[in-house]
Amino acid sequence: MIYVLILLVVIVIALMVYNIVVYKRVQNFNSINQKITGLNVLQDFMNTIGEYSSVDEKIEKINEILIEKYDIKYSTIVMFDGAEYVIKASNVQEQHWEALRSLHDQEIFKDSISTATPKYVTVNNDTERLPYQTMEFGRAKSAMFFPLYIDNVYIGYWIIESGQPHAFDNIDTTILEVVKENIIAVYKTISYQNTVENISRKDLFSELNSAEYLYGKGKKIIDKYTTSAVCMFKITNLPQINEEYSRETGNDVIIEVSDYIKESLSSEYVFVRYMGPKFAIVFSGVDVNGVVEFIQDIKNNIENMEIEEVVSGNTKAKPRYASPKLNFVLTTYYKGTALENVTKKLEEYLDNADERESDINNI
């Protein structure tokens with residue numbers, strides 16, 4: 001009988017050891033699986049950054065990726081815009097947004113914000129509610145709060161929620177920290193993009209948008225397509241016209257050239273006065289080879305223009321006429337790459353070209 005009891009004790013101990021080993025293997029597998037998921041999420045983030053022009057679109061897409069990949073019930077990104085807290089992305093019903101954008105006022109999260117550390121809150125059963133909930137009971141039973149900082153400056157927070165108690169007990173927080181940093185990296189571009197869009201102005205003479213328009217609102221149009229033809233041209237004899245005729249005559253040349261091209265372009269094409277005598281056209285979704293003939297026609301028609309000299313005061317002198325000379329350069333822009341680098345390359349070509357050059361070049 002004693003031997004049987006000893007054997008049973010040995011079997012029980014062996015089963016306990018086996019269960020512990022299996023449990024550890026399952027935990028290791030879950031950890032590895034979470035890391036693989038995390039790497040896939042980061043790759044999706046990189047794709048999102050390249051595919052979407054608008055910062056708001058990027059943040060909304062990133063939020064969708066988080067919800068899908070991590071099977072998160074609710075995810076909300078809130079930013080401070082300098083005046084108020086604004087929900088940039090959320091899959092929570094709008095009736096709860098007012099509460100979600102005022103979490104910085106909640107005592108439970110103030111320490112998290114001041115120390116820049118995540119805060120995990122949960123309940124133990126379905127009859128309890130989270131401390132920041134005032135009217136809702138059944139929506140969320142656990143949450144993780146991440147304060148967001150750029151260069152040690154607090155800019156808002158990201159909160160994920162679940163309808164289950166203790167839902168985030170075993171989640172890999174290191175992956176979530178990386179995710180948080182990626183949210184910040186995307187949001188960093190807002191200040192630059194907003195600045196660019198706000199400083200874009202209409203040119204006085206051509207009534208075209210300035211170059212900054214290309215990199216803000218214009219890029220949203222351009223990036224509807226995978227590739228586009230980018231053209232920059234220079235009125236090479238504009239300084240000569242200003243000198244030999246008058247600056248007023250040069251201004252008329254700019255107006256006539258701009259008006260003629262504007263009337264010839266589709267609304268999907270972006271036409272700006274780039275700088276001084278240089279202008280840029282982006283043929284959205286068009287191959288470079290498909291615009292050469294069109295540009296050649298424009299060039300021929302403009303160079304055949306005779307723009308009457310502007311003369312101040314009363315004069316009986318025989319009128320003189322100025323004819324613009326244009327030098328064009330073309331290249332291809334690929335969605336997701338730096339448009340400013342493309343235009344810089346074209347600008348450098350025109351600036352270094354012989355002033356007598358009047359051609360259509362593909363680089």
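Strands here are DSSP E runs of at least two residues, helices are H or I runs of at least four, and both are numbered from the N terminus. The model you have open is predicted, so local features need pLDDT of at least 70 and side-chain atom pairs count only at pLDDT 80 or more, while totals for chains, interfaces and linings use all residues. Residues are numbered from 1 along each chain as its sequence is written, and side-chain values use heavy atoms, with hydrogens and water left out.

Now widen the selection to β7 (residues 227-235) and β12 (residues 326-334). These strands pair in the antiparallel sense over nine bridges; two strands count as paired if DSSP finds at least two bridges between them.

Next, show the whole sheet. It is open and made of six strands, in the order β6-β8-β9-β7-β12-β13, with mixed pairing. At its edges are β6 (209-210) and β13 (360-362), each pairing on one side only.

You will find α11 lying across β7, β8 (270-275), β9 (278-283), β12 and β13, and running at about 30° to β7. For that angle, axes are lines fitted to C-alpha atoms, for helices over the stretch in contact (heavy atoms within 4.5 Å). Angles run from 0 to 180 degrees between N-to-C directions.

Move on to helix α4 (residues 107-115). Which of its residues are buried? Select Phe109, Ser112 and Ile113. Buried means under 20% relative accessible area, exposed over 50%, and partly exposed in between, using a 1.4 Å probe and protein chains only. The three cover an arc of only 100° around the axis, which puts them on the same side of α4; the arc is that of the directions from the helix axis to the C-beta atoms. On the other side of α4, look for the exposed Glu107, Asp111 and Ser114. The buried residues pack against β3 (119-122), β4 (142-150) and β5 (153-162).

The last stops concern backbone phi. Most residues other than glycine have a negative phi.

- Asn152 sits in the loop between β4 and β5. Its phi is positive, about 65°, although Asn152 is not a glycine. Asn152 is exposed, with a relative accessible area of 74%.
- His166 lies in the loop between β5 and α5 (173-199). Its phi is positive too, near 55°, and His166 is partly exposed, with a relative accessible area of 33%.
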